[in-house]
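Please view the sequence and structure before reading on.

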Amino acid sequence: MKTVFQRPRALTDKPFHYCPGCTHGIIHRLVAEAIDDHDIIENTVGVASVGCSVFAYEYLNCDMQQSAHGRAPAVATGIKRVLPDRMVFTYQGDGDLASIGIGEIIHAAARSENITVIFVNNAIYGMTSGQMAPTSLLGQKTATSPLGRCVETNGYPIRMSEMLATLPGASYIARVSTHDAKHVLQAKKAIFKAFDVQKKQQGFAMVEVLSTCPVNWGMEPNEALTWVKDNMVPYYPLGELRTPAKEGELNA
Amino acid sequence: MAKILMKGNEAIAEGAIRAGCKAFFGYPITPQNEIPAYMAQHLPEHEGVFLQAESEVAAINMVYGAAGAGARVMTSSSSPGISLKAEGMSYIAGAELPCVIVNIVRCGPGLGGIHPAQGDYFQAVKGGGHGDYRLIVLTPGSVQEMADMAREAFYLAEKWNNPVMIMGDGILGQMMEPVEFANGPLPPVDKPWATTGAVGRPRNLINTLDIMPESFEKKNFALTEKYQRISEAEMQWEATNTEDADLVIAAYGIVARVAKTALQMARDRGLKVGLIRPKTVFPFPNPPFESAASRNIPLLVVELSAGQMVEDVRLAVNGRVPVHFQNRMGGMVPGPQEILDRILELMDQGGGQL
Ligand SMILES: Cc1ncc(C[n+]2csc(CCOP(=O)(O)OP(=O)(O)O)c2C)c(N)n1
Ligand code: SF4
């Protein structure tokens, strides 16, 4: 019998601990598939961050380091600089990457650190039970913005991909979503490409993946997917924001 | 080998390179700037990586990554920068990774000043970061020792899989003395735990998270037991004229040099003064202090702090003999005469018994 669907080699057999309807699990699978498709599992070192995906090292079946909150790009830099021929990636939430770790991600991009960053934007702090994130939308109710995020006190949500795309060091920047099958397939392509960019030593690559947090959004899983489509996608437009320069040329 | 005239900070950098250091991550701060500058120039000549990080926080986390990937790696900074590294040092200690951290201490609190001080003793020895962990802390007293201890720091880090700190000060860092370097790098150490890509072996994880109290307590006890073994094996000190002494000074780093001159001046006057100079402050060298206490010899601790190492001396003698204290702060350093005056005062006062 022909196998049409199986667990990627790069995923362990450990069941995900994520809440029902959380798309972290899907994104893990996409990362694992990219690792399999590139056939790099033995050559890859992953960096887990602090957030709900802190246990990414339990699921992604390659060498992994667990890093401090926000510092995954620095940890990845340390690994990549001493092992330049290994594939190094980080997996970070939006609190991790866009708030406490915003310095590390900007500088990793500015240096065009030859790493792959998977940035999971669920517009909230999941692990610490639903506080406002730098990516929370205006009007979004969270534990620490109970009346809804307002400009006067909390300012505007940060579009990390657009911001990083202004840096010549950022070689590949794409934003994708997980709210339906079609978009999951696009996400898969972008993640594959972000590893490909690293493989070709083209510099810093990041894929921002719009993701759900039904529990802390106070929604049913299906409602959460619709909320991504109706509220997140308009503020966080999808697509490739930067692609690597042609061989021999510098990024503009 | 011929001696080379060098600044203390450069001696640390050259000593580290010769020991086989292959990566350096740091952020500028006075009075340690010669270390990254030296590394930037010379590390690449030895197939090493130099990278100026965007902050001390980033630098220590780069060290974590590189150490986890199996490299001989170091960072250096000065007091406020070390505060920023605290979380990272805790992670590195928790993950049991070898690395070297240099602190060329300046005066504080706050931005303080760039002048020498020893106010980071507690931070280095008692924690600094969160959780139950220890750094091995070396306190050089000369440019030669800065070179030697850079090598030793890597040796100890890899022997114990633990971060090692070299704690110096701006005077030692800036002053020039002739130094001699050991030949050849330290032998390579097997690091089967390193995250280098899982080729032909089960994958490796470098992690400090454990949400199960039962197993995490085991980890805590295992670390405690390791620190106990480090304490027994790695204490270092230098004792000068302690055998016949009526008063023993305790001082480390630059202060010990001044104290040595004061000791000589006292001896010239027929006063029997000795000196204990801790070369490690974790582990703290208890034996010479216990020996002084058992012989009823009072102590004078001299520090460039409000009184930090003095607490460890008091613990070591456990109330058996008086422990006197003299200090300068804010970047001021006592001269030999100042220490001698205190010696005279104490020895007069106590009529030999103190
Ligand atoms: C230095 C530090 N500050 C705060 C925390 C607490 N903390 C853990 S996870 C987290 C937020 C994670 O949110 P995000 O990155 O958005 O990931 P998610 O859980 O939503 O996937 C915070 C603040 C920490 N572990 N370390
Ligand atoms: S809290 Fe939110 S982000 Fe975390 S696992 Fe649950 S749904 Fe996912």
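Predicted model: local features only at pLDDT ≥ 70, side-chain atom pairs only at ≥ 80, totals over all residues.

Residues are numbered from 1 along each chain as its sequence is written, with chains lettered from A and ligands numbered from 1 in the order in which they are written.

**Salt bridges**

- Over all chains, the structure holds 32 salt bridges (a side-chain nitrogen of Lys or Arg within 4 Å of a carboxyl oxygen of Asp or Glu).
- A:K188 pairs with A:E33, their closest N and O atoms being 2.9 Å apart.
- A:K188 lies in helix 8 and A:E33 in helix 1 of chain A, so this pair ties together parts 155 residues apart in sequence (helices are DSSP runs of H or I, at least four residues, numbered from the N terminus).
- A:E33 counts as buried at 15% relative accessibility (buried means under 20% relative accessible area, exposed over 50%, partly exposed in between, with a 1.4 Å probe and protein chains only).
- A:K188, at 25%, is partly exposed.
- B:E145, B:E238, B:K260, B:R277 and B:K279 are linked in a network of salt bridges.

**Ligand 2**

- The residues around ligand 2 include A:Y18, A:C19, A:H24 and A:N122 (a heavy atom within 4 Å).
- This shell has 6 nonpolar, 4 polar and no charged residues (Ala, Val, Leu, Ile, Met, Phe, Trp, Tyr, Cys and Pro count as nonpolar, Asp, Glu, Lys and Arg as charged, and the others, Gly among them, as polar).

Conventions. Heavy atoms only, no water. Helix = DSSP H or I, 4+ residues; strand = E, 2+ residues; numbered from the N terminus.
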